[in-house]
Amino acid sequence: MMVKEIIMLIAAVVGLAISLRKMQVPCTIISSGMLAGIALWILGVDTIETSFYFGFVFLAFLMSVFGQGIPANNRAALAIISLFVFLAEVALFMEWSFEVYLRYGMIIPIIVYIVRLNSRQGFKFGLGCATIMTVDAAYIFIDSIVKLF
């Protein structure tokens, strides 16, 4: 296994554990779906993995936009993180010409995650999902920086 696979697998397991510990059913379902997508990716099933992982990242976006009872600060943070990760993953998969801009734009979800984590209220909802997506965003950003050198 490569480093990215190990890091993403650890992040998915930690994200699922956080969601289970906080007993948040929608986030647990989304985190377990992301874990399944990452496991399929490690096994080498690329087309199913991408649709699985993309689907659950998009589901996290829909949950953050339309979910009831989610605090407004969490809603905005989850929406920004999931939207950026979804767009970047689709751009990388489809090899769009502007993917390099989205690669560098991954700094935005990382900053949103860190700011939200260090804020007074913290993450009341969706910390597990946000952790998985932020680790993915961090890897995409670091990979783009490494490609420069």
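Which helices each supply at least two residues of the nonpolar patch? They are α4 (72-94) and α5 (99-104). Keep in mind that this is a predicted model, where local features need pLDDT of at least 70, side-chain atom pairs count only at pLDDT 80 or more, and totals for chains, interfaces and linings use all residues. Residues are numbered from 1 along each chain as its sequence is written, and side-chain values use heavy atoms, with hydrogens and water left out.

**The nonpolar patch**

- F93, M94, W96, F98, V100 and Y101 make a nonpolar surface patch of about 620 Å².
- Patch members have over 30% relative accessible area and no salt bridge; nonpolar side chains (Val, Leu, Ile, Met, Phe, Trp, Tyr) are joined within 5 Å, and like charges within 9 Å.
- The areas themselves come from the Shrake-Rupley method with a 1.4 Å probe, and for residues only the protein chains shown count as cover.
- Y101 sits in helix α5; helices here are DSSP runs (H or I, at least four residues), as are strands (E, at least two), numbered from the N terminus.
- Y101 counts as exposed because its relative accessibility is 63%, and the labels go like this: buried is under 20% relative accessible area, exposed is over 50%, and partly exposed is in between (1.4 Å probe, protein chains only).

**The salt bridges**

- Side chains of opposite charge can pair when their charged atoms come close.
- The rule used here asks for a side-chain nitrogen of Lys or Arg within 4 Å of a carboxyl oxygen of Asp or Glu, and the count comes to three salt bridges.
- One of them pairs R103 with E99 (3.4 Å, N to O).
- R103 and E99 are four residues apart in helix α5, so about one helical turn separates them.
- R103 also meets D143 in a salt bridge (3.3 Å, N to O).
- That pair links distant parts of the chain, with R103 in helix α5 and D143 in helix α7 (residues 127-148), 40 residues apart.
- D143 forms a salt bridge with K147 too, and their closest N and O atoms are 3.9 Å apart.
- Through shared partners, the salt bridges join E99, R103, D143 and K147 into one network.

- R103 counts as buried because its relative accessibility is 11%.
- E99 is buried as well, with a relative accessible area of 19%.
- D143 is partly exposed at 25% relative accessible area, whereas K147 is exposed at 57%.
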